[in-house]
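Thanks for coming, everyone. Please have a look at the model on the screen, and then I'll walk you through it.

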Amino acid sequence: MNPSDEERDALTDEYRRASAAEAGRPAATVRKAILAEAAAAANRRTPASNDSRYLWRGIAGVAVLGFAILMWKQVDHRLPGEASVVAARSEAPGQVLLETPAPAAAAESKPALIKEARAPRPTPAVSQPPAAPPLVVADRAADATPAGMALAAQAESSAKAAVSREVANAMQGVPAPAPAARALGKMSAAQDAEVDADALLRLHFPQQYQSSAPHSVWLVQDATGAVVRSGELAAGKTFGDIRLEIERELGGTLLRPWRIRSLQNARGQIIQIGIAQTR
Amino acid sequence: MADGAWAIMPRMSAAAISDEALVAGYAAGDVAAFEQLYERHELALWRYLLRQCRDRAAAEELMQEVWFAVTREAPRFRSEGRFLPWLYTIARHRLIDRHRAEHPTQSLDAPIDAEEPFGAGIEDVHSPSPQAASEQMEQGKAILAALRHLPPEQREAFVLQAEADLSVDEIARITGTTFETAKSRLRYARDKLKALLREHAP
């Protein structure tokens with residue numbers, strides 16, 4: 001220790017002695033208040049803040065909740081009337097074309113579809129049903145003997161079953177895959193589509209998303225996913241009408257089939273959203 | 001601070017428990033750890049606040065504010081840091097807040113009472129007593145009076161070192177300056193104190 005250090009220590013010691021004598025202590029009430037606050041603050045703090053057990057419990061809780069949400073989303077909660085219908089429009093004439101049936105038009109659409117499906121098809125539809133006796137066989141058989149009539153009835157029954165399968169396949173919008181693969185594919189695609197549709201609804205139709213009334217809206221995306229047209233479906237108009245208008249507006253550019261989803265908005269109202277892409 | 005470190009504390013002597021471990025203990029809910037921490041640093045912090053604001057009532061308010069802040073912030077105290085610089089940083093911020101509230105237009109660097117004649121405060125602190133006025137006491141009073149005539153930043157550096165026993169590096173961090181600046185302030189403070197004491201030596 002050099003003389004300067006000794007001097008410094010002497011000065012510091014002298015200061016400390018004088019300071020301690022002069023300053024005394026803070027009032028007893030101050031001390032009491034501080035210690036009381038310390039106890040209260042310790043009580044206020046949740047025991048979870050520093051206990052790793054609670055941390056792990058919290059993490060586990062969040063994981064379980066996330067898993068439950070995931071499982072819930074895997075299940076198709078749509079009512080039959082709200083079922084999204086993917087239109088399967090083919091370039092070939094006479095192919096089954098399904099627009100989302102408006103509530104009033106839904107009843108009419110089924111016979112029309114069956115009728116259309118019965119029509120001769122130069123090219124196969126999106127999904128080709130298994131070979132079934134053509135309806136002409138049944139018609140011809142109906143003019144024949146009772147045995148022939150039985151044969152005709154059987155043939156017609158087979159034909160109707162084939163049409164039903166075709167309609168069901170067309171409703172799916174894809175050729176019928178193997179059952180297991182179809183189940184997996186449908187769940188994943190449906191989930192993605194729901195997320196897409198919900199995000200698009202929130203982004204492009206904020207007013208309808210907050211509305212306390214049901215709405216039908218539509219939007220058209222280009223190949224990059226950018227929204228090029230959007231609007232609300234006016235009363236009395238169908239998505240088919242909108243398709244024609246848009247295709248005219250876009251100078252003959254054709255739209256892919258509408259993907260129509262029924263979603264719930266922020267107020268629990270059903271919002272029907274049709275999404276189409278330009279080809 | 002790991003919980004395990006706090007768990008072995010009861011077996012250790014009170015002196016061996018670090019401030020940082022006590023903060024961790026308090027953050028974990030042990031109020032006794034806080035009381036121990038308070039006992040350790042109550043007087044040094046009190047004197048620092050008193051030297052800086054020179055008003056007992058204000059210093060008592062600040063004392064509460066600082067320790068209340070410790071109770072709130074203890075769970076966020078990082079164990080790799082030292083407790084004392086953290087405590088004095090809180091105290092300094094509270095002092096600055098109060099100073100700004102009371103003197104909104106005055107620079108923080110301005111001396112609080114530069115015009116006060118040397119030794120003016122001595123009689124305010126202790127009534128002169130012909131019998132008890134030993135040389136040592138006079139010397140102590142003179143130091144405190146001289147301290148008041150230091151520029152605030154030098155006084156602060158000196159008090160932080162003398163009261164809290166902080167290193168130059170810690171003083172630099174608390175006061176937001178460089179190591180060299182803090183070191184210079186300490187040197188100037190001591191030189192001026194010695195000069196003032198020499199000038200007014202009996």
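First, the ground rules. This is a predicted model, in which local features need pLDDT of at least 70 and side-chain atom pairs count only at pLDDT 80 or more, while totals for chains, interfaces and linings use all residues. Residues are numbered from 1 along each chain as its sequence is written, chains are lettered from A and ligands numbered from 1 in the order in which they are written, and side-chain values use heavy atoms, with hydrogens and water left out.

Start with chain B. It has 10 helices and zero strands. Helices here are DSSP runs of H or I with at least four residues, strands are runs of E with at least two, and both are numbered from the N terminus. Of the 202 residues in chain B, 47% count as buried. Buried means under 20% relative accessible area, exposed means over 50%, and partly exposed is in between, with a 1.4 Å probe and protein chains only. Now contacts, meaning heavy atoms within 4.5 Å. Take those in chain B with a separation of 6 or more: 60% of them join residues 24 or more positions apart.

Next, helix 2 of chain B, residues 19-27. Nine of its nine residues are buried. Among them are Asp19(B), Glu20(B) and Tyr26(B). After this helix comes Gly29(B), with a positive phi near 110°.

How does helix 2 of chain B cross helix 3 of chain B? Their axes come within 7 Å and cross at roughly 145°. Axes are lines fitted to C-alpha atoms, for helices over the stretch in contact, and angles run from 0 to 180 degrees between N-to-C directions. The crossing is left-handed. That term applies if the near helix is turned anticlockwise from the far one by less than a right angle; clockwise is right-handed. On the helix 2 side of chain B, the contact includes Leu22(B) and Tyr26(B); on the helix 3 side, it includes Phe34(B) and His41(B). By class, the residues of this contact are seven nonpolar, three polar and two charged. Nonpolar covers Ala, Val, Leu, Ile, Met, Phe, Trp, Tyr, Cys and Pro; charged covers Asp, Glu, Lys and Arg; the others, Gly among them, are polar.

Helix 3 of chain B also packs on helix 5 of chain B, residues 83-102, at an angle of about 35° with the axes 11 Å apart. This crossing is right-handed. Leu45(B) and Tyr48(B) of helix 3 are among the residues making the contact, as are Leu87(B) and Tyr88(B) of helix 5. The count by class is 12 nonpolar, two polar and one charged.

That brings us to the core. A nonpolar core is a set of buried Ala, Val, Leu, Ile, Met, Phe, Trp, Tyr and Cys residues joined through side-chain atoms within 4.5 Å. The largest one has 67 residues, and Leu45(B), Trp67(B) and Tyr88(B) touch the most other members. Helix 3 of chain B, residues 31-53, gives the largest share, 11 residues. Leaving out residues up to four places away in sequence, Leu45(B) touches Met63(B), Val66(B), Trp67(B), Leu87(B), Tyr88(B) and Ala91(B). Another core lies apart from this one, with 11 residues, including Phe205(A) and Leu263(A).

Now the interface. It takes 30 residues from chain A and 43 residues from chain B. Together the chains bury about 3,300 Å², 61% of it on carbon and sulfur atoms. Buried area is the accessible area, with a 1.4 Å probe, that two parts lose on being put together, summed over both. Leu11(A), Tyr15(A) and Glu22(A) supply 21% of the area that chain A buries against chain B, more than any other three residues.

Leu11(A) comes up again at Leu193(B), which is in contact with it and with Ile143(B), among others. Leu193(B) is in helix 10 of chain B, residues 179-199. Is Leu193(B) buried or exposed? Buried, with a relative accessible area of 0%. Leu193(B) and Ile143(B) are 50 residues apart in sequence, and their C-alpha atoms are 7.0 Å apart.

Last, two loop residues. Asp165(B) is in the loop between helix 8 and helix 9 of chain B. Asp165(B) is not a glycine, but has a positive phi of about 60°. At 57% relative accessibility, Asp165(B) is exposed. Ser211(A) is in the loop between helix 8 and strand 1 of chain A. Ser211(A) is buried, at 16%. Beyond four places in sequence, Ser211(A) touches Asn265(A), Arg267(A) and Gln269(A).
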